[in-house]
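Here are my notes on the model you sent over, point by point. Have the structure open while you read.

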Amino acid sequence: MSSPENSTDELREAIREVLSHRSESYLSDVRSGRLGEAERALWAEAAQLGWLGLGVEERYGGLGLGFAGLAVLYEELGRALAPLPVLSTLLAAEAFSVAGTDELKEQWLPRIASGEIRAAIALPVSGQTLPRVAADGGITGSVPNVLRGETPDLLLLPVRSESGRVSLAIFGCEDAGIAIQATPVIDLTRMLCTVNLDRARVAPACLLDLDDAQWNRLLNHASVALACDSVGGADEILARTVAYMGVRMQFGRPIGSFQALKHRAATWKIVLEGARALTGHAAGMLARQDPGASACASAAKASACDVYTAIAGDAIQLHDGIGFTWEHDCHLFIKRARLNAVLFGTPVQHRERVAG
């Protein structure tokens with residue numbers, strides 16, 4: 001029987017092989033503004049290979065690998081700049097797992113694990129004005145910055161009841177009173193939207209009542225997923241930069257032989273390994289459902305996103321003039337890093353969460 005470490009390595013290699021073979025095609029679509037086409041083709045293959053069921057329990061059609069498997073998937077998706085709404089969909093699966101009734105789990109988890117369903121989701125932000133549930137059950141208001149794919153089948157949105165309690169409401173995208181407005185976003189590999197609700201209605205069974213621990217669990221999942229994505233992306237763009245420095249000639253020598261540039265690359269490698277270690281520790285705590293995971297999850301998210309943004313920004317400089325061009329991938333990495341830093345809370349908000 002293979003050890004858990006060997007299983008993780010095998011999973012990583014399998015995911016990386018598929019994405020490396022597809023990256024030229026889907027990144028070409030991304031640059032051309034055909035993100036939907038890139039997503040559809042890659043989503044079908046991801047579903048067929050079982051990636052969407054990695055964290056879903058076996059009794060609901062998943063593989064039951066928990067967050068240990070998801071951490072590998074998130075890191076490889078970030079490394080390859082994959083244009084897939086995996087985080088939003090698997091975060092929805094987590095919501096059903098922690099707060100859904102048996103009926104909701106039976107209804108949605110098998111369809112998520114098979115790739116039949118793509119979900120869009122937002123989590124409540126401190127100080128945010130949420131849509132309110134009126135006395136007659138109608139819900140009115142707007143939810144910005146909803147992470148989505150091209151054509152989500154399901155919306156999970158935070159709403160506030162008359163009593164002030166925050167719940168996660170489950171809507172279909174075609175439900176009456178639902179209007180989805182695309183949000184311009186710097187990252188060309190992902191989509192956001194604002195969902196406007198005008199007296200939209202939801203059945204009581206489709207309101208997930210989460211306590212503080214359950215909300216924290218969803219935020220921890222999102223935070224560590226983005227930290228993993230950032231570690232993967234930073235590792236890839238740093239490796240590409242070091243390789244470029246080995247072939248770019250200046251004054252008859254590779255620029256990688258210049259001491260100042262060698263020190264810059266070495267410093268980034270050390271900083272990245274620190275973020276990788278913290279992220280791996282946070283992922284392990286989530287896999288064990290450690291009750292103290294929140295501080296580590298937020299620390300990992302803040303650290304990894306800062307490191308990714310810094311490395312991707314310096315990579316543009318170290319790639320010389322070519323790094324500024326539309327045809328080079330440097331700008332895709334820096335844009336993804338920038339969005340990672342603000343999704344589900346900014347670095348400042350996450351550091352305040354750690355301090356709390």
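1. Start with Asp235 and Arg276, whose side chains meet in a salt bridge at 3.1 Å, N to O. Asp235 sits in helix H6 (residues 212-245) and Arg276 in helix H7, so this pair ties together parts that are 41 residues apart in sequence. Bear in mind that this is a predicted model.

2. How exposed are the two partners? Asp235 has a relative accessibility of 16%, so Asp235 counts as buried, the cut-off being under 20%. Arg276 comes out at 24%, which makes Arg276 partly exposed.

3. Next, Asp136 and Arg201. They form a salt bridge too, with the closest N and O atoms 3.6 Å apart. Here again distant parts of the chain are linked: Asp136 is in the loop between strand E2 (132-133) and E3, Arg201 is in strand E7, and 65 residues separate them. Asp136 is partly exposed at 42% relative accessibility, and Arg201 is partly exposed at 48%.

4. Then there is Glu37 with Arg34, a salt bridge whose closest N and O atoms are 3.5 Å apart. Glu37 is partly exposed, with 41% relative accessibility, and Arg34 is partly exposed as well, with a relative accessible area of 32%. For the whole model, the salt-bridge count comes to 30.

5. Staying with charge, which residues gather in a patch of negative charge on the surface? They are Asp9, Glu10, Glu13 and Glu17. Of these, take Glu13 as the one to click on: Glu13 lies in helix H1 (residues 4-31). Its relative accessibility is 55%, and because the cut-off for exposed is over 50%, Glu13 counts as exposed.

6. Have a look at the backbone of Asn145. This residue is not a glycine, yet its phi is positive, at about 55°. Asn145 is located in strand E3 (residues 138-148). Asn145 is also one of the residues that Thr194 touches, leaving out those up to four places away in sequence.

7. That brings us to Thr194 itself, which belongs to strand E7 (residues 191-201). Buried or exposed? Thr194 is buried, since its relative accessible area is 17% and the limit is under 20%. Apart from residues up to four places away in sequence, Thr194 touches Ser142, Val143, Pro144 and Asn145, along with Ala179, Ile180, Gln181 and Thr183.

8. Gln289 is another one for the backbone check: a positive phi of about 55°, and not a glycine. Where does Gln289 sit? Its place is the loop between helix H7 (259-287) and helix H8 (293-318). With a relative accessible area of 56%, Gln289 is exposed.

9. Last, Gln250, which you will find in strand E9 (residues 249-250). Gln250 is partly exposed, its relative accessible area being 35%. Which residues is Gln250 in contact with, leaving aside neighbours within four places in sequence? Gln250 contacts Ile255 and Phe258.

Technical notes. Residues are numbered from 1 along each chain as its sequence is written. This is a predicted model: local features need pLDDT of at least 70, side-chain atom pairs count only at pLDDT 80 or more; totals for chains, interfaces and linings use all residues. Side-chain values use heavy atoms; hydrogens and water are left out. Patches are made of residues with over 30% relative accessible area and no salt bridge: like charges are joined within 9 Å, nonpolar side chains (Val, Leu, Ile, Met, Phe, Trp, Tyr) within 5 Å. Accessible areas come from the Shrake-Rupley method with a 1.4 Å probe; for residues, only the protein chains shown count as cover. A salt bridge is a side-chain nitrogen of Lys or Arg within 4 Å of a carboxyl oxygen of Asp or Glu. Lys and Arg count as positive and Asp and Glu as negative; His and the chain ends are not counted. The place of a charge is taken as NZ of Lys, CZ of Arg, CG of Asp or CD of Glu. Helices (H or I, at least four residues) and strands (E, at least two) are DSSP runs, numbered from the N terminus. Buried means under 20% relative accessible area, exposed over 50%, partly exposed in between (1.4 Å probe, protein chains only). Contact means heavy atoms within 4.5 Å.
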